[in-house]
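Start with the structure itself.

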Amino acid sequence: MQREGITVRLLHGLEEIRTSCPLMQQLRPNQSDEESYVQQVGRQQQNTGYNLVGAFDSDGRLLGLAGFVCSEMLSRGSYLYVDDLVIDEGHRGQGIGRIIISWLRAHARNLGCSSLHLDCSNHRLDSHRFYRREGLEDRSLHFVLDL
């Protein structure tokens with residue numbers, strides 16, 4: 001998919017995953033070790049079908065990144081779950097998030113998914129506003145028990 005000089009495509013291979021690490025670190029600072037990141041993404045790809053999709057400018061720079069899986073649940077049917085979504089700090093507010101969400105929405109439809117889901121931390125109020133503008137609705141709370 002290409003719009004406004006931005007190309008959105010799936011990342012393939014270890015090198016593309018490796019090059020996405022610095023951007024993912026903006027969202028997930030605990031991903032400090034590049035090799036551990038590459039290994040974890042590889043495990044998630046094997047175990048859950050996890051995918052990474054990136055938004056690239058005309059010079060090939062990665063400006064935005066989303067990690068997602070497609071799954072199925074009794075409560076949701078077939079759905080696409082966005083686990084990670086980050087836009088480079090220097091490129092936020094330029095419509096890149098909207099382009100990635102649009103790509104994810106179309107990809108989910110192509111896969112036969114009936115919905116798109118994501119969780120967002122309570123303190124990310126700007127992200128909440130963005131997701132609402134993009135048509136996502138608050139439908140539930142996500143509860144966690146650390147073990």
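The model is predicted. Helix α2 covers residues 34-48, which makes 15 residues. From first C-alpha to last, α2 reaches 21 Å, close to the 21 Å expected at 1.5 Å a residue.

The N-terminal end of α2 is capped by Asp-33. One of its side-chain oxygens lies 3.2 Å from the backbone nitrogen of Glu-35.

Which residues of α2 are buried? They are Tyr-37, Val-38 and Val-41. Seen down the axis of α2, these buried residues fall within an arc of 100 degrees, so they line one face of the helix. An α-helix has 3.6 residues a turn, so residues three or four places apart point the same way. Gln-46 and Asn-47 sit on the other side of α2 and are exposed.

The cover over the buried residues of α2 includes one helix and two strands, tabulated here.

| Element | Residues |
|---|---|
| α1 | 13-27 |
| β3 | 51-56 |
| β4 | 62-73 |

Now the pocket. The largest pocket has a volume of about 1,100 Å³. Its lining counts 30 residues. Nearest its centre lie Leu-118, Asp-119, Glu-137, Asp-138 and Arg-139. Which elements give two or more residues to the lining of the largest pocket? They are α3 (96-110), β6 (115-118) and α4 (125-133).

Note on methods:
Residues numbered from 1 in each chain as written. Predicted model: local features only at pLDDT ≥ 70, side-chain atom pairs only at ≥ 80, totals over all residues. Heavy atoms only, no water. Helix = DSSP H or I, 4+ residues; strand = E, 2+ residues; numbered from the N terminus. Expected span 1.5 Å × (residues − 1). Buried < 20%, exposed > 50% of the residue type's maximum accessible area, 1.4 Å probe, protein only. Arc of directions from axis to C-beta. Contact = heavy atoms within 4.5 Å. Polar contact = N/O pair within 3.5 Å; in protein donor to acceptor, adjacent residues only side chain to side chain. 1 Å grid on protein atoms, 1.4 Å probe; cavity = no way out; pocket = protein on both sides within 12 Å on 5 of 7 lines; lining within 4 Å. Points joined across faces, edges and corners; volume = space filled by probe spheres on them.
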